[in-house]
Amino acid sequence: MEETIGPFAKRVGTTVRTLRYYDQIGLLAPKGTNKKGQKVYTRKEWEVYQQITVCKHLGMALEEIKEMLKKKELNGRERLVLQKQVIKKKQAELEETLSMIERVERLYEVEDVQSSELDALAFVLLDAFKREKQQIHAFKQHFTGDLATIKALDQLNEPAFQLENDQRALHFFYEIKRAMKEGETAESERVNRLVKEFVRNNPEQEVMLNQALNAIDEAFYQKNYDLFNGYFPAELGLFISEALTAYLIGEKEQLHGGEST
């Protein structure tokens, strides 16, 4: 088999434009040419294209596929094993995403939840759920020997506790938005009470703020800064950030006041 780009594109069911792009980025770059100096595609390129197609269906980015194909020292079976590992990784990621979507869906079934309010926060919650798992992983690595902290974080994997926790988080967002609309400031007693209740009922938030309160490991937070800065609508996000800061300052003052007495 030896074909120029047009016939090869028809054979594999793609476009000339796509093949030229693959050639340009070095993903599928045929080495051979015909007597006219045109690049030709052989069975080798056909096999590579099939691998690219499979990987794309699995959600792999072109750069990821390119890196995998660079490992020319791998034989056919070893390449299959590598692809299998990639598939399992992608499968786990899809299952995790599906699980997060189902968590949000379950909130729509709760009687007191207003669908219109949840609609506005659905993707905020998806982002929070994704970060939650990463936060827990980071904390567990950091607090390996702290059994009480590990136990508190493990609660978040229990379905019943998880649903309760999600409802509390949603209630917190509702109440914060309501406080904003009614003219409360981020430092008000009402908002402080909402933040305190939210923190006390969320293990990962309590761990995070307790560590910040005690200033035990600033390097940990610098390293994992992005994990604790989720997406919120701009005004709501700023208000919550100010409320958490005000709460933290108040807790520090109480702590230092207690130490001095």
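Both Phe8 and Tyr41 are buried, a term that denotes under 20% relative accessible area, with exposed meaning over 50% and partly exposed the range in between (1.4 Å probe, protein chains only). The model is a predicted one, in which local features need pLDDT of at least 70 and side-chain atom pairs count only at pLDDT 80 or more, while totals for chains, interfaces and linings use all residues. Residues are numbered from 1 along each chain as its sequence is written, and side-chain values use heavy atoms, with hydrogens and water left out.

The secondary structure of the protein chain comprises 12 helices and two strands, where helices (H or I, at least four residues) and strands (E, at least two) are DSSP runs numbered from the N terminus. Of the 261 residues in the protein chain, 37% are buried.

The structure holds four aromatic pairs, a pair being formed by rings of Phe, Tyr and Trp (its six-membered ring) whose centres lie within 6.5 Å, with planes under 30 degrees apart counted as stacked, over 60 as edge-to-face and the rest as tilted. The ring centres of Phe8 and Tyr41 are 4.4 Å apart and the planes stand at 10°, so this pair is stacked. Distant parts of the chain are linked by the pair, since Phe8 belongs to helix H1 and Tyr41 to strand E2, 33 residues apart. For Phe172 and Phe173, the centres lie 5.8 Å apart with the planes at 55°, so that pair is tilted; Phe172 and Phe173 are both buried. Ring pairs also join Phe8, Tyr41 and Tyr49 into a cluster.

In helix H1 (residues 5-12), the buried residues are Ile5, Phe8, Ala9 and Val12. These residues cover an arc of only 105° around the axis, which puts them on the same side of H1, the arc being that of the directions from the helix axis to the C-beta atoms. The buried residues of H1 pack against strand E1 (2-3), helix H2 (16-24), strand E2 (41-42) and helix H3 (43-57), with contact meaning heavy atoms within 4.5 Å. Just after H1, Gly13 adopts a positive phi of about 75°.

Helix H8 (residues 159-181) and helix H9 (residues 189-200) pack at an angle of about 170°, with their axes 10 Å apart. H8 is therefore roughly antiparallel to H9, given that angles under 35 degrees count as roughly parallel, over 145 as roughly antiparallel, 65 to 115 as roughly perpendicular and the rest as oblique. The contact involves Ala169, Phe172, Glu175, Ile176, Arg178 and Ala179 of H8 together with Arg190, Val191, Leu194, Val195 and Phe198 of H9.

Notes
Axes fitted to C-alpha atoms, helices over the stretch in contact; angles between N-to-C directions.
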